[in-house]
Amino acid sequence: MIIAGYRINLDALLARIVYRWHWNIAVVALVAGALIGVTGGFIPPIWRGRAGLIIQTVPGASIDVDGRPWTGDMYAGTHTVAATLPDGRRSWARLTLRSGETATLSLPPGLPAPRVRRMPSAAPGMSVVAIWRAGDSWRVQSVASPPAENRENDADHHDPATQTIAIGSRGIERLMTIDAYRGRADVLTVGSVRYEAVYEPARPGSQQESQVVVRGWDRVIATGVGDVSLLRFAPDGQALLLAERTVAGEQIQYMTPESPPTPVVAIPGRITGLAWHPEGNAVLIASSEGERRALTLARLRPTPVAFVIAGPAADGLPPYAWGGDSIIWIAPDAEGKLHMWSASLDALLPERHVALDARAITQCANGMLRLVTVQERQVIIGRLEGDLIIGEAVLAEIPAHPDLTGEWYGDELLLRSGDSAWLITIVEGEQDACTTD
């Protein structure tokens, strides 16, 4: 080879380098080969010590450990174990093995690809401000986004004009009654019976007091109420929760067709979320006052009693799930670390369990806990086995934002981040069905 008039013999140059530094080259090549072998998994990490692993899964599933087919040889350390079925369903778990121990891992068949739908706002150009479950539908409440120069003035209005729709098996329905009363109303259909509650404030110059009128209860009228800010029917329509604005916050009251409004608890600040127990005998209330947040559990029957059970990390309801006569939820402890908590409706006292960062949870009929969490910037659906999370499906369409949170109802999962929301439907086999019934 001739470069700039000079002849260069590459063969002779290479021979001279190898002859002079052949031991150095051999050592470098050996070290590089060892590093490639260890990082690529071709050389087992025998220095960690051997460990045993028994994997139980459904017939026909192929098993991978750390991305390679499982041979049965295991060493101490952290490993990702996955089982994949021919139809594409997959489950996986990340576990740590210690030297000399034998662990047993049961991997379920995994979930079929969930159906993901984006929840629409009530009208184009509006922002979703609230979503809650009522009866057989999801309620989506939207508000028009004001121009930037008017947002400061609009913050002074407590009741901006909203549009509310119900999304369910019967399609999309505009709930004009709720909007006409600026949110101080509620409607619910149970079977063939329609319940409607509206707040009618006293008018200047009129002898009529402020009142709540309930239709479907043979037109029950509750008079002498204060400045009502919220009305919400129980799932069966046989009870109504109402909130009255006070100087310090909100006064929660409970009424039925047979009894007038009864005080339940005073909530500091404003209500940011509310969820009824499926049987209507308890309610979970989230509230905020400045930077302080509270989660209040109220038992309504036989006599109302309430207790603050947590300080959520953000506004609105934290991930929660009703389980018969108890409730579980995700909230930080005194050091700010997220844990799973529980409380019975008898004692209303919170009990801390495993450390867990879940974005949504639900308890199946067999006691299994299913959850939504984030792993490696992916939103996954899985289940909790002891302190081990087993992944079962990936929600690739949903971004893993820090504020992502959700609520489960039967085989439907609602996830929300900012003003975006998604409705996920999970269809499982009869033997693996997970419902909250």
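The chain of this predicted model averages a pLDDT of 86, and 84% of the residues score at least 70.

**Confidence**

- Over residues 147–152 the pLDDT stays under 50.
- For residues 147–152 the model has 1 contact beyond four places in sequence.
- Where pLDDT is low, the predicted coordinates should not be read in detail.

**The sheet β14-β15-β16-β17**

- An open sheet is formed by 4 strands in the order β14-β15-β16-β17, with antiparallel pairing.
- The edges are taken by β14 and β17 (220–223); each has a single partner strand, so one side of each has no neighbour in the sheet.
- On average, neighbouring strands of this sheet are turned by 10° against each other, direction ignored.
- Strands of a sheet pair through backbone hydrogen bonds, either parallel or antiparallel.

**The hairpin of β14 and β15**

- Strand β14 covers residues 185–190 and strand β15 covers residues 193–200; the two pair in the antiparallel sense over 6 bridges.
- Together β14 and β15 form a hairpin, with 2 residues between them.
- Glycine 191 lies in the turn of this hairpin and has a positive phi of about 65°.
- Valine 190 has valine 193 in β15 as its bridge partner.
- Threonine 189 has arginine 194, also in β15, as its bridge partner.

**Serine 137**

- Serine 137 belongs to strand β11, which covers residues 137–144.
- Apart from neighbours within four places in sequence, serine 137 is in contact with Trp132, Ala166, Ile167 and Gly168.

**Alanine 83**

- Alanine 83 sits in strand β6, which covers residues 77–84.
- Alanine 83 and valine 58 are 25 residues apart along the chain, and their C-alpha atoms are separated by 8.7 Å.

Methods: Residues are numbered from 1 along each chain as its sequence is written. This is a predicted model: local features need pLDDT of at least 70, side-chain atom pairs count only at pLDDT 80 or more; totals for chains, interfaces and linings use all residues. Side-chain values use heavy atoms; hydrogens and water are left out. Contact means heavy atoms within 4.5 Å. pLDDT is the predictor's confidence in each residue, from 0 to 100. Two strands pair if DSSP finds at least two bridges between them. Axes are lines fitted to C-alpha atoms, for helices over the stretch in contact, and angles run from 0 to 180 degrees between N-to-C directions.
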